[in-house]
Amino acid sequence: MDAPRSIKYIPDMQILPGKLAAARIAGILHPKYQVHGYSIDLTARKIFSIDPTGQIDFGGSEYVAAGRIEIASQRTRQEDSYQWWDLASGSYFVECNESLDLAENEIALIEPDDRLLRAGAWHVPMYLRGRIEPVQLLLKVGAARLRVKENARLARFRLFRFAEEAKTDSSFSKSKPQIRKIPGRKKLARS
């Protein structure tokens, strides 16, 4: 549970150019092709099918992560340098080649690559902070099939930096959550 703390308002946040943001990523395969004006492409290293059962509860004491079963990539042509994964419609975990090490005043946005979307698959956009080793995505394949080549660019990384100064609103620092009654609601009798 979060402890009571002051709320800070960040006056300014700026997106960093790709060349500066690249300093926060380890494992970039080809900077010439992955680093762009204000983004960096993240690439597929491994893909896992999801073991069918995960479990989540209110307090976390009964939490069980869904299992992962690594999917072997296949060579489609003898002359290919890289192999392919052939994915049926469904959900998969993707482990990227890249890892992140963000400063305290930075936040990353990971969003799906446009080509991934047009190929019939996606992952949820997410914000990340701190050290993430390696970046992992929950990939959803909506098409009947999706073929993914090793090191394919699946996601886009954007890095934002917060301004150093932050004002604290002290009126919120010691307030407790308030429980509000909603008019017109009645308790249902249990049988």
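This is a predicted model: local features need pLDDT of at least 70, side-chain atom pairs count only at pLDDT 80 or more; totals for chains, interfaces and linings use all residues.
I then looked up where Ser39 sits: the loop between α2 (31–34) and β4 (40–50). Buried or exposed, I asked of Ser39? Ser39 counts as buried because its relative accessibility is 7%, and the cut-off for buried is under 20%.

**Glu70.** Next I went to strand β5 (residues 68–70), where Glu70 is placed. Its relative accessible area is 47%, so I put Glu70 down as partly exposed. With residues up to four places away in sequence again left out, Glu70 touches Lys46, Ile47 and Phe48.

**The core.** Which residues touch the most other members of the largest nonpolar core? I got Leu100, Leu139 and Phe157, out of 33 residues in that core. I noted the elements that give two or more residues to this core: β4, β6 (84–96), β8 (106–112), β12 (136–149) and β13 (153–162). In soluble globular proteins, nonpolar side chains tend to be buried together.

Not counting residues up to four places away in sequence, Leu139 touches Leu87, Gly90, Ser91, Tyr92, Val94, Leu116, Ala121, Trp122, His123 and Leu146.

**A three-stranded sheet.** I traced an open sheet of 3 strands and wrote its order as β3-β7-β11, with antiparallel pairing. Its edge strands are β3 (25–26) and β11 (131–132), each pairing on one side only. I found 2 bridges joining β7 (residues 99–101) to β11, and these two strands run antiparallel. What is the bridge partner of Asp101 in β11? I read off Arg131.

**Whole chain.** The protein chain has 3 helices and 14 strands. Its 191 residues include 31% that are buried. How many of the contacts between residues at least 6 apart in sequence join residues at least 24 apart? My note says 69%. The accessible surface comes to about 13600 Å², and carbon and sulfur atoms account for 52% of that.

Notes. Residues are numbered from 1 along each chain as its sequence is written. Side-chain values use heavy atoms; hydrogens and water are left out. Two strands pair if DSSP finds at least two bridges between them. Helices (H or I, at least four residues) and strands (E, at least two) are DSSP runs, numbered from the N terminus. Buried means under 20% relative accessible area, exposed over 50%, partly exposed in between (1.4 Å probe, protein chains only). Contact means heavy atoms within 4.5 Å. Accessible areas come from the Shrake-Rupley method with a 1.4 Å probe; for residues, only the protein chains shown count as cover. A nonpolar core is a set of buried Ala, Val, Leu, Ile, Met, Phe, Trp, Tyr and Cys residues joined through side-chain atoms within 4.5 Å.
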